Amino acid sequence: MWINGINSYGSGYYSYMAAANNVRLIQALSSNPRYQEAVTPVSPVNNSIKDSMAFVKEYSSGMSSLMQAATELKSTNSSGVMQDLAVTSSDTAVADVTERLPVRTTGEIQLEVSQIAQAQTNVSDAVGAYDTASADMDFTITGSRGTVDIQVSALNENGSARTNAQMLRDAAAQINDSGIGVTASIVEENGDVSLKLESSRTGTSYGFTVSGDLGSASGADAVQTAAANAQYSVTENGVQRDYTSSTNDITVNAGRIGVTLTGTGETTIRSDIDPEKAAAALSDLVKNYNNMLEILNDNYGRGTGVDRQLRNLVRGLGSEQSLEVLGITVNDDATLNFDPEVLGESLEKDPAFVRDLISGTGGIADTAFNKALGGMNMNSASLVNGDLSDQLSSYAPYYGTNMFMGGNAYLQSNYYAAGLMMNYLI
């Protein structure tokens, strides 16, 4: 029966009385000047237990880092390297590619370009740059954004004759200020000069016409390069579709991949592992694996758990042949070397196979992760039971603390047990 926290067995009563006595003691000591003085702190001394604790912390940190490095390469990690794919074009003379949105699915897209989009270009006949202009210029250009009348006199204000170069520069300035979707430039070569007109955008919808008295720009009404739309086909998932576009900037893979058409021909657009990111992640995995081997080797003999974990790591991350495909070789001491160039070559030959070796079921990422997870789940006492063999004996004073601190909440508050353990550790 419970009455105000005191049960029939009296344990609640004893706990209550201990707390009350503790309060009385604190009140008494607070009025004693001797206990109000500063106490010089006692520095702990180095001993085997503190060294063991440092090792356990280093062990835990090393295993955690190895697990994290393996996680970065696991296929189940949506933000990991194996899901952060890169896009490439097999022939950049046909098309350049960029990632517009995250691409999460590996695969290939065949692109065939029969015509790239072009802007219309007209170029006048070449005339002597410093020859006197023979007549005024009075012509009209009709572009995609409107019409402009170009008028240039063959005479200066003082009545002197103007050169062909001066006439064409004035005409180009008027065209560029008009905003009709046509740009003008002067082409000079070997003392000759000509007027080049070009639509500001590609595609048949942005062509233009020129008519009138061209004077020094004679021939500028003839089309040198006709405006054209891009014509291409895309084969994705076995289905081919034909397209036209007024621009050379297109998208594929539901808008995830941006493509710039650069020429006619065929190219393969591939989405797969980013070689540089994969190499960096594999290098990090190898570094943390080697670090964990060094920690275990340096602390061999501390406990039976160290021996088990060392044996587990020494068994490796996979077969020698599989590791060599990834650029990983095994040294005589079981540590690993990594060559990113070999990985890059393997990715070029067979990216799907490399992906399976790294992140597939039973791949090196899974193997390393499981080894690290097993190490993290290891009973920490087994890591240092060799160090603490004397302390864990039933005759050792440390063993006696179990009598006072291993039972329940009441026993864990036993001041004698806490004091005994703290005194022993320092």
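Contact means heavy atoms within 4.5 Å. This is a predicted model, in which local features need pLDDT of at least 70, side-chain atom pairs count only at pLDDT 80 or more, and totals for chains, interfaces and linings use all residues. Residues are numbered from 1 along each chain as its sequence is written, and side-chain values use heavy atoms, with hydrogens and water left out.

**View 1. Surroundings of Leu-343.** Neighbours within four places in sequence are left aside. Leu-343 is then in contact with Ala-278, Ala-279, Leu-282, Val-325, Leu-326, Gly-327, Phe-338, Val-354 and Ile-358.

**View 2. The largest nonpolar core, with 46 residues.** A nonpolar core is a set of buried (under 20% relative accessible area, 1.4 Å probe, protein chains only) Ala, Val, Leu, Ile, Met, Phe, Trp, Tyr and Cys residues joined through side-chain atoms within 4.5 Å. Leu-282, Leu-285, Leu-326, Ile-328 and Leu-343 touch the most other members. Helix α5 gives the largest share of this core, 11 residues. Helices here are DSSP runs (H or I, at least four residues), numbered from the N terminus.

**View 3. Packing of helix α5 (residues 275-298) on helix α6 (residues 304-314).** The two helices pack at an angle of about 145°, with axes 10 Å apart; axes are lines fitted to C-alpha atoms over the stretch in contact, and angles run from 0 to 180 degrees between N-to-C directions. Among the residues that meet are Tyr-289 and Leu-293 in α5, and Val-306 and Leu-310 in α6.

**View 4. Residues 42-46, where pLDDT stays under 50.** pLDDT is the predictor's confidence in each residue, from 0 to 100. For residues 42-46 the model has four contacts beyond four places in sequence. The protein chain averages a pLDDT of 83.

Definitions and conventions: Buried means under 20% relative accessible area, exposed over 50%, partly exposed in between (1.4 Å probe, protein chains only).
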